[in-house]
Amino acid sequence: MPISLQDSLDKHTGLYKRLEKVIPQKVWQEFVEDIEAIQKLKKEKNAVILAHNYMTPEIFHGVADIVGDSLALAREAAKMESEVIVMAGVQFMAETVKLLNPDSVVLIPDPTAGCSLAESITPEEVRALRKKYPDVPVVTYVNTSAAVKAECDICCTSGNAKKIVESLGVPEVIMVPDEFLALNVATNTDVKIIPWRGRCEVHEKFAADDVQQMRQENPNLSVIAHPECSPEVVAQADFSGSTVGMSEWVAKKKPGKVMLLTEASMSDNLSVDQRGTAFFGPALACPHMKKITLKKIREVLETGVHQVEIPHEIMASARRAVERMIEAS
Ligand code: CIZ
Ligand code: SF4
């Protein structure tokens, strides 16, 4: 028997107390029935929900079993051996989960949730790079399709990019698809980096001038920048790291005021538990990440639609690129 809205509200009062700073009460009333239904469906279907750090708080804190960056999520899911995995994130993340969990049913709540970085390069373009630079290894940031990963030598994340590049023991590497990540790594290593021209449409919008202005207006503001930001922006930051690195930095340093130069939901999600820290804008949302909603998570759990499949011919090579990264880090 479906339970009433009032029952759902009563049952999740404790959860709402944690989230009331980031979700208005009226909006919460629209979410709570879906949260209740999703929690029931997870048990019925032996399913887990992975949520990327850029998911909205009702997903991140309300229904997720594991939260983190794309690689941590895929690896943790492999340990859980669930029949069904819902990846609350974008398409390349769901593919990475499938690569490391080939025997599970992997569902993505909206298969049109893309990424400007992943879309900036095709497998043919990687092959053309190899022709142009024979014998130079190709490192791919995790933000690429499985088909592109299959053409590359090794994968990396924003947290381990420098380490992966240096692990190859060569004087020169090609880094795709993120130009800014490549340039940020290049400033910290002796390895020569040949970048691709991809950009994250969210992180490229942060500007060094805006950071300076925010610092002037807000004394003692800590600034942390994702490495998908331009090198000029990263140079202005107190710390630069992946979303996992950012969470750890805030938890450890407990700054009074912080500005996270990354996707908007990251600050909302951290502010739920970091009560002593004030989070400052600008809040830039990723339109692809924001396609993932509670309603769509509920729908894929109910119907089993939007299963992620990776063509047999690319599965092994794409998986190899990710496994080589795990071995090297
Ligand atoms: O790997 C991820 O999840 C991405 C794209 C960003 C990050 O820093 O977590
Ligand atoms: Fe891609 Fe940027 Fe959106 Fe992340 S925030 S999914 S890198 S477009």
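Two strands pair if DSSP finds at least two bridges between them. In this predicted model, strand β9 and strand β10 meet that condition, because two bridges link them. The protein as a whole has 16 helices and 12 strands, and the points below describe its overall form, its surface and one of its sheets.

**Overall form**
- The radius of gyration of the protein is 20 Å, which agrees with the value near 20 Å for a compact globule of 329 residues.
- The C-alpha trace spans about 65 × 55 × 30 Å along the principal axes of the protein.
- Of the contacts between residues at least 6 apart in sequence, 60% join residues at least 24 apart.

**Burial, surface and charge**
- Of the 329 residues in the protein, 54% are buried.
- The protein has an accessible surface of about 14600 Å², and carbon and sulfur atoms account for 51% of this surface.
- The side chains include 37 positive and 46 negative ones, and 3 Å separates the centres of the two sets.

**The four-stranded sheet**
- An open sheet is formed by four strands in the order β10-β9-β11-β12, with parallel pairing.
- Strands β10 (239-240) and β12 (278-280) are the edge strands of this sheet, and each of them pairs on one side only.
- Strand β9 covers residues 221-225, and its two bridges to β10 run in the parallel sense.
- Which residue of β10 is the bridge partner of Ile224? The partner is Phe239.

Methods. Residues are numbered from 1 along each chain as its sequence is written. Chains are lettered from A and ligands numbered from 1 in the order in which they are written. This is a predicted model: local features need pLDDT of at least 70, side-chain atom pairs count only at pLDDT 80 or more; totals for chains, interfaces and linings use all residues. Side-chain values use heavy atoms; hydrogens and water are left out. The radius of gyration is taken over C-alpha atoms; the globule rule is 2.2 Å times the number of residues to the power 0.38. Buried means under 20% relative accessible area, exposed over 50%, partly exposed in between (1.4 Å probe, protein chains only). Contact means heavy atoms within 4.5 Å. Accessible areas come from the Shrake-Rupley method with a 1.4 Å probe; for residues, only the protein chains shown count as cover. Lys and Arg count as positive and Asp and Glu as negative; His and the chain ends are not counted. The place of a charge is taken as NZ of Lys, CZ of Arg, CG of Asp or CD of Glu.
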